[in-house]
Amino acid sequence: DALAATLGLENVESLGAYGGMMRCGEVETQSVDAFLAHVKEKLNCPGLRYCDGGKQVRKVAVGGGACASELEAVAAAGCDTFVTADVKYNQFWDAKELGLNLIDAGHFHTENPVVAVLAEKLRESFPEITVKISETHTDCVKFY
(Lines give C-alpha, C1' and ligand atoms only; values in the text may rest on other atoms or scores of the structure.)
Protein backbone atom coordinates (compact mmCIF):
# COMPACT_ATOMS: atom_id res chain seq x y z
CA ASP A 1 0.00 0.00 0.00
CA ALA A 2 2.82 2.41 0.85
CA LEU A 3 4.57 1.75 -2.46
CA ALA A 4 1.32 2.20 -4.39
CA ALA A 5 0.63 5.47 -2.55
CA THR A 6 4.15 6.76 -3.12
CA LEU A 7 3.74 6.17 -6.85
CA GLY A 8 0.34 7.88 -6.81
CA LEU A 9 -1.69 4.85 -7.89
CA GLU A 10 -5.46 5.26 -7.72
CA ASN A 11 -8.23 2.65 -7.35
CA VAL A 12 -5.71 0.38 -5.63
CA GLU A 13 -6.64 -3.26 -5.09
CA SER A 14 -4.88 -6.32 -3.75
CA LEU A 15 -3.44 -8.40 -6.55
CA GLY A 16 -3.79 -11.52 -4.41
CA ALA A 17 -0.25 -12.58 -5.36
CA TYR A 18 2.85 -13.01 -3.23
CA GLY A 19 0.93 -13.63 -0.03
CA GLY A 20 -1.46 -10.76 -0.70
CA MET A 21 1.32 -8.17 -0.46
CA MET A 22 1.14 -6.97 -4.06
CA ARG A 23 -1.16 -4.19 -5.25
CA CYS A 24 -2.37 -2.87 -8.57
CA GLY A 25 -3.81 0.50 -9.38
CA GLU A 26 -4.16 3.09 -12.09
CA VAL A 27 -2.31 6.15 -13.26
CA GLU A 28 -3.09 8.60 -16.04
CA THR A 29 -2.20 6.98 -19.36
CA GLN A 30 1.38 7.88 -20.19
CA SER A 31 4.45 6.70 -22.03
CA VAL A 32 6.89 4.29 -20.46
CA ASP A 33 9.53 7.04 -20.46
CA ALA A 34 7.27 9.43 -18.56
CA PHE A 35 6.41 6.77 -15.98
CA LEU A 36 10.08 5.82 -15.58
CA ALA A 37 10.90 9.45 -14.73
CA HIS A 38 8.01 9.48 -12.25
CA VAL A 39 9.14 6.26 -10.53
CA LYS A 40 12.75 7.42 -10.34
CA GLU A 41 11.71 10.72 -8.78
CA LYS A 42 9.12 9.36 -6.32
CA LEU A 43 11.35 6.52 -5.08
CA ASN A 44 14.51 8.63 -5.18
CA CYS A 45 16.28 5.93 -7.20
CA PRO A 46 19.76 6.44 -8.63
CA GLY A 47 18.69 4.40 -11.66
CA LEU A 48 16.13 1.95 -12.99
CA ARG A 49 16.40 -1.23 -15.02
CA TYR A 50 13.44 -1.83 -17.26
CA CYS A 51 11.92 -3.65 -20.18
CA ASP A 52 9.50 -1.85 -22.49
CA GLY A 53 6.65 -4.27 -23.14
CA GLY A 54 5.29 -2.12 -25.95
CA LYS A 55 2.30 -0.68 -24.09
CA GLN A 56 1.50 2.69 -22.59
CA VAL A 57 1.33 2.79 -18.80
CA ARG A 58 -2.17 2.80 -17.26
CA LYS A 59 -2.69 -0.18 -14.92
CA VAL A 60 0.32 -0.72 -12.67
CA ALA A 61 1.20 -3.57 -10.33
CA VAL A 62 3.65 -3.01 -7.48
CA GLY A 63 5.52 -5.43 -5.27
CA GLY A 64 8.16 -4.21 -2.85
CA GLY A 65 11.33 -6.26 -2.90
CA ALA A 66 11.74 -9.35 -5.04
CA CYS A 67 8.32 -10.07 -6.57
CA ALA A 68 9.26 -10.63 -10.22
CA SER A 69 8.30 -14.29 -9.92
CA GLU A 70 4.69 -13.03 -10.12
CA LEU A 71 4.90 -11.82 -13.74
CA GLU A 72 2.16 -14.22 -14.89
CA ALA A 73 -0.23 -13.08 -12.13
CA VAL A 74 0.43 -9.44 -12.99
CA ALA A 75 -0.27 -10.05 -16.68
CA ALA A 76 -3.37 -12.12 -15.86
CA ALA A 77 -4.70 -9.21 -13.77
CA GLY A 78 -4.60 -7.03 -16.88
CA CYS A 79 -1.73 -4.86 -15.77
CA ASP A 80 0.47 -3.28 -18.43
CA THR A 81 3.28 -2.30 -16.03
CA PHE A 82 4.97 -3.90 -13.02
CA VAL A 83 7.27 -2.11 -10.55
CA THR A 84 9.32 -4.41 -8.32
CA ALA A 85 12.98 -5.29 -7.66
CA ASP A 86 15.68 -7.93 -8.00
CA VAL A 87 14.53 -8.88 -11.49
CA LYS A 88 16.54 -11.63 -13.15
CA TYR A 89 17.68 -11.31 -16.75
CA ASN A 90 15.33 -13.97 -18.08
CA GLN A 91 12.39 -12.35 -16.28
CA PHE A 92 12.89 -9.24 -18.41
CA TRP A 93 12.58 -11.45 -21.50
CA ASP A 94 9.49 -13.13 -20.04
CA ALA A 95 7.93 -9.72 -19.43
CA LYS A 96 8.67 -8.60 -22.98
CA GLU A 97 7.04 -11.78 -24.29
CA LEU A 98 3.97 -11.08 -22.12
CA GLY A 99 3.81 -7.48 -23.38
CA LEU A 100 4.46 -6.19 -19.87
CA ASN A 101 6.48 -3.11 -18.98
CA LEU A 102 8.77 -4.30 -16.19
CA ILE A 103 10.61 -1.83 -13.94
CA ASP A 104 13.27 -2.90 -11.45
CA ALA A 105 13.55 0.03 -9.04
CA GLY A 106 15.80 -1.76 -6.57
CA HIS A 107 15.09 -3.71 -3.41
CA PHE A 108 15.81 -0.85 -1.01
CA HIS A 109 13.85 1.73 -2.98
CA THR A 110 10.72 -0.41 -3.37
CA GLU A 111 10.62 -1.34 0.32
CA ASN A 112 11.72 1.97 1.85
CA PRO A 113 8.33 3.74 1.43
CA VAL A 114 6.82 1.59 4.18
CA VAL A 115 9.35 2.78 6.77
CA ALA A 116 7.53 6.05 7.49
CA VAL A 117 4.22 4.19 7.75
CA LEU A 118 5.65 1.72 10.26
CA ALA A 119 7.29 4.51 12.25
CA GLU A 120 3.94 6.31 12.54
CA LYS A 121 2.17 3.12 13.66
CA LEU A 122 4.84 2.60 16.34
CA ARG A 123 4.47 6.22 17.51
CA GLU A 124 0.70 5.77 17.81
CA SER A 125 1.00 2.45 19.64
CA PHE A 126 3.81 3.51 21.95
CA PRO A 127 3.51 7.29 22.55
CA GLU A 128 5.88 7.09 25.50
CA ILE A 129 8.88 6.22 23.30
CA THR A 130 10.66 8.22 20.65
CA VAL A 131 10.58 6.61 17.23
CA LYS A 132 13.15 7.89 14.79
CA ILE A 133 13.82 6.83 11.22
CA SER A 134 17.50 6.22 10.58
CA GLU A 135 19.28 8.99 8.77
CA THR A 136 22.18 6.73 7.79
CA HIS A 137 20.47 3.57 6.52
CA THR A 138 20.64 3.67 2.74
CA ASP A 139 20.90 1.28 -0.15
CA CYS A 140 24.22 -0.56 -0.19
CA VAL A 141 23.99 -0.87 -4.00
CA LYS A 142 25.67 2.03 -5.73
CA PHE A 143 25.75 3.10 -9.38
CA TYR A 144 28.93 4.25 -11.11
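Predicted model: local features only at pLDDT ≥ 70, side-chain atom pairs only at ≥ 80, totals over all residues.
Gly 8 touches Glu 26 and Val 27, leaving aside residues up to four places away in sequence. Gly 8 sits in the loop between helix 1 (2-6) and strand 1 (10-14). Its relative accessibility is 41%, so Gly 8 counts as partly exposed. Gly 25 is 17 residues away from Gly 8 along the chain. The C-alpha atoms of these two glycines are separated by 8.8 Å.

Strand 1 has 5 residues, and the number of them that are buried is 0, so strand 1 lies largely in the open. Strand 1 pairs with strand 2 (residues 23-30). The pairing is antiparallel and spans 3 bridges. Glu 13 has Cys 24 of strand 2 as its bridge partner.

Strand 2 also pairs with strand 4 (residues 57-62). Here 5 bridges join the two strands, which run antiparallel. Glu 26 stands opposite Lys 59 in strand 4. Glu 26 is also one of the residues that Gly 8 touches. Strand 4 in turn pairs with strand 5, this time in the parallel sense. That pairing has 3 bridges. Val 60 stands opposite Thr 81 in strand 5. In a regular strand, side chains alternate between the two faces of the sheet.

Backbone angles come next. Most residues other than glycine have a negative phi. Asn 44 is not a glycine, yet its phi is positive, at about 55 degrees. Asn 44 lies in the loop between helix 2 (32-43) and strand 3 (49-51). With a relative accessibility of 62%, Asn 44 counts as exposed, the cut-off being over 50%. Asp 86 also has a positive phi, near 55 degrees, and is a residue other than glycine. Asp 86 is found in the loop between strand 5 (81-84) and helix 4 (89-98). Its relative accessibility is 39%, so Asp 86 counts as partly exposed.

The whole chain gives the setting for these local features. The protein chain contains 6 helices and 6 strands. From the N terminus on, the order of elements is α-β-β-α-β-β-α-β-α-β-α-α. The radius of gyration is 16 Å, close to the 15 Å that the globule rule gives for 144 residues, so the chain is as compact as a globular protein of that length. Along the principal axes, the C-alpha atoms fill a box of roughly 55 × 35 × 25 Å.

Burial and contacts were also computed for the chain. Of the 144 residues, 40% count as buried. Contacts between residues at least 6 apart in sequence were examined by their separation. Of these contacts, 52% join residues at least 24 apart.

The protein chain exposes about 8500 Å². Carbon and sulfur atoms supply 52% of that area. The chain carries 13 positive and 21 negative charges.

Definitions and conventions: Residues numbered from 1 in each chain as written. Heavy atoms only, no water. Helix = DSSP H or I, 4+ residues; strand = E, 2+ residues; numbered from the N terminus. Rg over C-alpha atoms; globule rule 2.2 N^0.38 Å. Buried < 20%, exposed > 50% of the residue type's maximum accessible area, 1.4 Å probe, protein only. Contact = heavy atoms within 4.5 Å. Areas by Shrake-Rupley, 256 points an atom, 1.4 Å probe, with all protein chains shown as cover. Lys, Arg positive; Asp, Glu negative; His and termini not counted. Charge placed at Lys NZ, Arg CZ, Asp CG, Glu CD. Pairing = 2+ DSSP bridges.
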